[in-house]
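Dear colleague,

Please find below the sequence and the structure that I am handing over to you. My findings follow directly after them.

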Amino acid sequence: MTLSTKERIFYTSLDLFSRRGYSGVSIREITREVGIKESSLYNHYRSKDAILEDIFTFFRDDFSKTLPPIELLDDILQNNSVEEFLKAGHRNFKKYMENENGQKMWRILQVEQYRSPLAREIILNDLFKTTIQFLEVVFTKLIHMKKIRPLDPKMLAIEYQYPVFSLLTEYNILIFDGKDTSEVESLLDQHIAFFLETILKT
């Protein structure tokens, strides 16, 4: 598929920002990689900041698709075991992290979080808060369905998800360095198994 000039600018910037950081890349380097004049870039983006904002907006939209629609949640939870549901969620996150563009966007967020208010907002709200709130709803429903023990749903969400965030961050660092990820992948699987032992009714 042939990419438009704007798409080429977007993906070239995504690659460069993810490897060198936003501050380490100039407009001149972006246009040289794309093969266009510097002046031509401004036909598509008003500034380098606008490119980064577009990358963050894309990440926000793309990452939101890793969670199932809330209106389908009751049917999904009724028709799947708790183990099947958590493992499916794990697969979705892992699939996202295995995507090269997903890895690059994740790295940019990590690098830019202390410079960019938008990066901080995405990490705090889209990644942490939204995911925890979603899981709190999930665990509340599972308790009402009597599929898991009646524990605090918010604490269950926190206890489950924060180790996942940490392990996925480690996974992305290992991928970036070209190192073996089998140990961290095994830990993710063990985390799910351990968590299930804690919450399932006996």
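A residue is called buried when its relative accessible area is under 20%, exposed when it is over 50%, and partly exposed in between. With a relative accessible area of 23%, D15 is therefore partly exposed. Please note that this is a predicted model.

Salt bridges

D15 takes part in a salt bridge with R19, in which the closest N and O atoms are 2.8 Å apart. Both residues lie in helix α1, and because they are four residues apart there, about one helical turn separates D15 from R19. R19 is also partly exposed, since its relative accessible area is 45%. In general, side chains of opposite charge can pair when their charged atoms come close.

In total, twelve salt bridges are counted in the model. Another of them joins the side chains of D126 and R60, at 2.8 Å from N to O. This pair links distant parts of the chain, with D126 in helix α8 and R60 in helix α4, 66 residues apart. D126 has a relative accessible area of 19% and so counts as buried, while R60, at 26%, is partly exposed.

E112 and R115 form a further salt bridge, and their closest N and O atoms are 2.6 Å apart. E112 is buried, because its relative accessibility is 4%. R115 has a relative accessible area of 37% and is therefore partly exposed.

Helix packing

I turn next to the helix pairs. The D126–R60 salt bridge connects two helices, α8 and α4, whose axes come within 11 Å and cross at roughly 5°. Angles under 35 degrees count as roughly parallel, so α4 and α8 are roughly parallel to each other. On the α4 side the contact is made by E53, F56, F59, R60 and F63, and on the α8 side by L118, A119, E121, I122, D126, L127 and T131. Sorted by class, the residues in this contact of α4 with α8 are seven nonpolar, one polar and four charged.

From α1 the contact draws on K6, I9, F10, Y11, S13, L14 and F17, and from α4 on K48, I51, L52, D54, I55 and F58. By class, nine nonpolar, one polar and three charged residues make up the contact of α1 with α4.

The contact of α8 with α9 comprises 13 nonpolar, three polar and two charged residues.

Two individual residues

K146 is located in the loop between α8 and α9. Phi of K146 is near 60°, which is a positive value in a residue other than glycine. K146 counts as exposed because its relative accessibility is 64%.

D74 is placed in helix α5 (residues 73–79). Its relative accessibility is 37%, so D74 counts as partly exposed. Which residues does D74 contact, leaving aside its neighbours within four places in sequence? They are K141 and M145. The C-alpha atoms of D74 and M145 are separated by 9.8 Å, although the two residues are 71 residues apart along the chain.

With kind regards

Methods:
Residues are numbered from 1 along each chain as its sequence is written. This is a predicted model: local features need pLDDT of at least 70, side-chain atom pairs count only at pLDDT 80 or more; totals for chains, interfaces and linings use all residues. Side-chain values use heavy atoms; hydrogens and water are left out. Contact means heavy atoms within 4.5 Å. Ala, Val, Leu, Ile, Met, Phe, Trp, Tyr, Cys and Pro count as nonpolar, Asp, Glu, Lys and Arg as charged, and the others, Gly among them, as polar. A salt bridge is a side-chain nitrogen of Lys or Arg within 4 Å of a carboxyl oxygen of Asp or Glu. Buried means under 20% relative accessible area, exposed over 50%, partly exposed in between (1.4 Å probe, protein chains only). Axes are lines fitted to C-alpha atoms, for helices over the stretch in contact, and angles run from 0 to 180 degrees between N-to-C directions. Angles under 35 degrees count as roughly parallel, over 145 as roughly antiparallel, 65 to 115 as roughly perpendicular and the rest as oblique.
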